[in-house]
Amino acid sequence: MKNCLCALLIAAASFAHAQQMVSIIPQPVSVQINDGSFRLEPSTSIGVFGNNSDADKVARYLSDKLRTPTGFLFEVKKNDRSSKIRMIILKNKDSVIGKEGYLLSVFRDSVSIQANEPAGLFYGTQTFLQLLPAEIESKATVGEVIWEAPCVSVKDYPRFAWRGLMLDVSRHFFTKEQVKQFIDEMIPYKYNVLHWHLTDDQEWRIEIKSLPRLTSVGAWRAERVGDWGNFTKPSPDEPKDYGGFYTQEDIKEIVQYAKDRFVSVLPEIDIPGHSLAMVASYPEVSCTPGQYQVNSGEKFMDWYANGFTALIDNTLCPANEIVYQYLDKVFTEVAQLFPFEYIHMGGDECAKNFWEKSDAITQLMKKEKLKDMHEVQSYFVKRVEKIIESKKKKLIGWDEILEGGLAPNAAVMSWRGIKGGIEAASMGHKVVMSPNQNVYIDLYQGDPICEPKTYGMVRLNKAYQFEPVPDGVKPELILGGQANLWTERVTNMRHAQYMTWPRSFAISESLWSPKEKKNWDDFVGRVEKQFRRFDAAQVKYATTLYDAIFNPRKDGKGTLEIELTTEVNGIDIYYSFDESNPDRYYPKYTAPLMVPKDAVTLKVVTYRDGQQIGKQINMPIDELKRRAKIK
């Protein structure tokens, strides 16, 4: 009886340990946790069954991924049943898991990954890797680690086919190797589209051989450091040596690198607005004659509550035939470089105040019977669609392309909330949901008083609330969704990582996992496990989910009252109103605070289980009064 009880206790402890080890993002469709674990050994090999070169690539990818941290060889073998890790393309296709799904079975003595297609094998390997200790992400060999994965049975497949991350390389240049790094960091979370924002007002990044000035002029600007949008305007003779571009060979290399990881690359050529780099390169494409230079981060637009106007004409001229000739050259070369079925034409934030002054635009409107400037832009979009379709590609653009009438076959990427996506879907068009209130990962994720400057707010829990299919919309018209990293204020890879993670964990789960499987508290626990993996991989991430959130308001007497909360449960907040820095021996927040007379700063810090977990935030009382609208 005693031995039986001991065995039961050991089994229970083993099962509890396995549950703790199963921490997968995005959450699979089905996970069954079984007793025991599988251990990687120096002799473990990877067997590939069948004759599929892409499956062979997946096996080599897994071998390379495992070899560095473990120091083991992980030989890849063909059709070898003695291999402990087995990759199998199913002969009898599983109709449920589709093209990207997989069946993962971890036994005590072996691992089996089965799929209909190599993409499924690849996503199965990503799940298997997340079952192993966090040190598996290390870039160097790690000793004294038991390389075990819990025994599980996983059946998994994606909710959406389009699972995207956008990287803006126009505002700040990221090298070829950094773009590859960005791809490597997105694939564990089953993203499969890299939206590559290649052109804008602040530089043109893709070599177009038939229009060489796009990169000899458009890829460079004067260097500025400081407050983006408020830089001093460069003089015409100031050196323009900050920037860079991708040669066509670079593009081909990155596209192939992505393809080997089952990622499609969506190129974006942002027109007719956001085109100052092209205008600076070829001024004849503008409606407004003059000399132009690439924007270096100085102010050139006025933004206000109901719109914006341009201080400089940063648009292509819809009334100028040479524009369409040049764009035909651009899209000819873009289409040859990118095998993905879509090309993104931008179409957003097009200031039309210079068009309103243009005689050429007035004549175009009379000729084409266009009622307003929205219809002028629609005329432009429809002509661009014909150019793109002539290259055997499909057009997709931001939701402004709806204004004035949508091009016949265009897909819409809805960023100004979900309204544009709903409107496009109601007309039968395909939609990618990308609402800024949920998926713009360039926005604040913690309190602006202590975060890198930007605008707007998307906290982690707001990102997790992302739902790509609005009520009343046909699900089959929603291709999927994506997160967008704009980089006006993101100057380097470490900052890009900080803004991307963990919010992109949340968005990946909305795009891959069943809607009914989403659970915030469970998700937070899994995020914390991913933090350990990022520590091992030396990837930067934000921990703002642990920070205090300030909710200032007027009380009934018009006096400032301060409520403090956190995004996650189990966090204690400690505070001080004096000049000292609080720790866990200071007053603990339990109820809304009133400000002592003459206090100028509220300092807060967060703890969990007696250990500091969030950063100290020093909040000026005047700032809290401003937020509460107290004079």
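This is a predicted model: local features need pLDDT of at least 70, side-chain atom pairs count only at pLDDT 80 or more; totals for chains, interfaces and linings use all residues.
Trainee: Let's start with Glu148. Which strand is Glu148 found in, and how many residues of that strand are buried?

Mentor: Glu148 sits in strand β7, which covers residues 148–156. That strand is mostly covered, and the number buried out of its nine residues is seven.

Trainee: Which side chains make polar contacts with the side chain of Glu148?

Mentor: Leave out the neighbours within four places in sequence, and Glu148 is in contact with Met21, Ser37, Phe38, Arg39, Leu131, Leu132 and Pro133. Two of those names come back with side-chain polar contacts: one pair is at 3.4 Å, with Ser37. The other pair is at 2.9 Å, with Arg39.

Trainee: Ser37 makes me think of β1. How many bridges pair strand β1 with β7?

Mentor: Strand β1 takes in residues 30–39. Ser37 has Pro150 as its bridge partner in β7. The β1 and β7 pairing is antiparallel, and its bridge count is seven.

Trainee: And β5? What is the bridge partner of Leu104 in β7?

Mentor: Strand β5 (residues 102–106) runs antiparallel to β7, with four bridges joining them. In β7, Leu104 has as its bridge partner Val154.

Trainee: On to helices. How far apart are the end C-alpha atoms of helix α6?

Mentor: Helix α6 is residues 248–259, so count 12 residues at 1.5 Å each, which should span 16 Å. The model agrees with that expectation, as the end C-alpha atoms are apart by 16 Å.

Trainee: What covers the buried residues of α6?

Mentor: First, the buried set in α6: Gln248, Asp250, Ile251, Ile254, Val255, Tyr257 and Ala258. Residues three or four places apart in an α-helix point the same way, because there are 3.6 residues a turn. The cover over the buried residues of α6 includes α4 (176–186), β9 (193–197), β14 (264–271) and α8 (321–337).

Trainee: Which element gives the most to the largest nonpolar core?

Mentor: That core has 168 residues, and those with the most contacts inside it are Leu40, Phe128, Trp196, Ile206, Leu327 and Phe338. The element that gives the most to this core, with nine residues, is α8.

Trainee: Which residues does Phe338 touch, beyond those up to four places away in sequence?

Mentor: Phe338 is among the residues with the most contacts inside the largest core. Two residues in its list, Ile251 and Val255, are also buried in α6.

Trainee: How many residues does the second, separate core have?

Mentor: Among its members are Ala548, Ala599, Ile621 and Ile630. The residue count of this second core is 19.

Trainee: Gln482 has a polar side chain partner. Is Gln482 buried or exposed, and what is that partner?

Mentor: Gln482 lies in strand β21, residues 478–485. At 0% relative accessibility, Gln482 counts as buried. Apart from residues up to four places away in sequence, it touches several residues, including His195, Met413, Ile507 and Leu511. The side-chain polar contact of Gln482 is at 3.3 Å, and the partner is Trp162.

Trainee: His274 and Asp609 both show positive phi. Is Asp609 buried or exposed?

Mentor: His274, in the loop between β14 and α7, has phi near 55 degrees and counts as buried at 8% relative accessibility. Asp609 has phi of about 55 degrees and lies in the loop between β26 (601–608) and β27 (611–612). At 73% relative accessibility, Asp609 counts as exposed.

Notes. Residues are numbered from 1 along each chain as its sequence is written. Side-chain values use heavy atoms; hydrogens and water are left out. Helices (H or I, at least four residues) and strands (E, at least two) are DSSP runs, numbered from the N terminus. A polar contact is a pair of N or O atoms within 3.5 Å; within protein, one must be able to donate a hydrogen and the other to accept it, and residues adjacent in sequence count only if both atoms are side-chain atoms. Contact means heavy atoms within 4.5 Å. The expected span of a helix is 1.5 Å times one less than its number of residues. Buried means under 20% relative accessible area, exposed over 50%, partly exposed in between (1.4 Å probe, protein chains only). Two strands pair if DSSP finds at least two bridges between them. A nonpolar core is a set of buried Ala, Val, Leu, Ile, Met, Phe, Trp, Tyr and Cys residues joined through side-chain atoms within 4.5 Å.
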